[in-house]
Amino acid sequence: MKREEIETMLDGIDDKYIMEASKAPAGKSKMSGIRKAVAAAVVCLLVTGIGIPVIAAVNPAFKQWIQPDNISETEYAGSKGVQIKGTKNNKNAAEKSKKEEKFYLQLNYIPDGYQCDKKDTSLYYGRKGETDFFTVAYFHLQDEFLNILPKAKNTEKYETMNGTAYLAENKEEHRIWILFRNSNYMTEIRDSNKMLSKKEIKKMIDGASITNERTEVKYEILEWTKELKDSYERWLAGSGAKKN
């Protein structure tokens with residue numbers, strides 16, 4: 001992937017904040033660190049979602065079991081996205097983060113033909129060349145989260161056993177956000193060139209979960225801090241969303 005493409009995916013988040021969030025290991029190339037930060041494009045990334053509303057309609061007990069998450073659709077400058085409230089930064093956030101139980105991301109469904117280098121889990125490449133890829137970012141939220149997909153006119157909401165997801169779409173991209181139930185963890189998946197079908201995306205959403213047991217693929221945890229939030233909001237205020 002070319003550097004210009006990576007920078008485009010970062011959607012306004014300052015590099016220094018993304019690199020801090022990804023905590024790229026020393027000794028790796030700068031490009032390797034930036035590729036991991038693509039996930040933080042995920043900062044402007046997208047996560048998956050799938051529907052269980054049919055089950056909820058048939059089974060009232062299941063519907064009552066689903067607790068409302070603090071994620072909702074939002075709009076900015078005519079573009080759609082998501083907002084996650086309820087996670088507020090404070091002076092003790094870092095210390096509190098250390099004491100929290102750590103959860104690992106688990107994607108139980110990956111579309112056929114896609115695979116990642118286990119040392120760089122932010123990128124999954126397919127068989128159709130350089131443009132055939134999607135990105136995955138996994139966030140631990142230390143502050144409120146806001147993300148807009150430029151020129152997206154609508155979103156689709158999905159409830160799963162594991163959380164709530166929103167799928168936004170414009171002419172070039174699918175972007176998915178998943179907030180996992182009763183936790184401060186979310187993932188964002190971005191299909192930048194719309195190589196995935198809606199059916200594949202929904203299967204990914206349905207299969208996404210978190211676990212406190214180590215997984216076969218270990219996705220890097222990105223700390224969503226006040227600095228990242230403020231950087232993104234400054235970009236929005238500067239009409240960055242309108243320019244894309």
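K226 is partly exposed, with a relative accessibility of 37%; here buried means under 20% relative accessible area, exposed means over 50%, and partly exposed lies in between (1.4 Å probe, protein chains only). This is a predicted model, in which local features need pLDDT of at least 70 and side-chain atom pairs count only at pLDDT 80 or more, while totals for chains, interfaces and linings use all residues. Residues are numbered from 1 along each chain as its sequence is written, and side-chain values use heavy atoms, with hydrogens and water left out.

K226 takes part in a salt bridge with D230, in which the closest N and O atoms are 2.7 Å apart. A salt bridge is a side-chain nitrogen of Lys or Arg within 4 Å of a carboxyl oxygen of Asp or Glu. Both residues belong to helix α8 (residues 226-237), and because they are 4 residues apart there, about one helical turn separates them. Helices (H or I, at least four residues) and strands (E, at least two) are DSSP runs, numbered from the N terminus. D230 is also partly exposed, at 21% relative accessibility. The side chain of D230 meets that of K229 in a salt bridge as well, with a distance of 3.3 Å from N to O. K229, in contrast, is buried, its relative accessible area being 11%.

A further pair joins K198 and E156, whose closest N and O atoms are 3.0 Å apart in a salt bridge.

The view may now be widened to the whole protein. A search of the entire structure finds 12 salt bridges. The secondary structure consists of 9 helices and 13 strands. Of the 244 residues in the protein, 51% are buried. A contact means heavy atoms within 4.5 Å; among contacts with a separation of 6 or more, 73% are between residues 24 or more positions apart. Finally, the protein exposes about 12,200 Å², of which carbon and sulfur atoms supply 48%. Accessible areas come from the Shrake-Rupley method with a 1.4 Å probe, and for residues only the protein chains shown count as cover.
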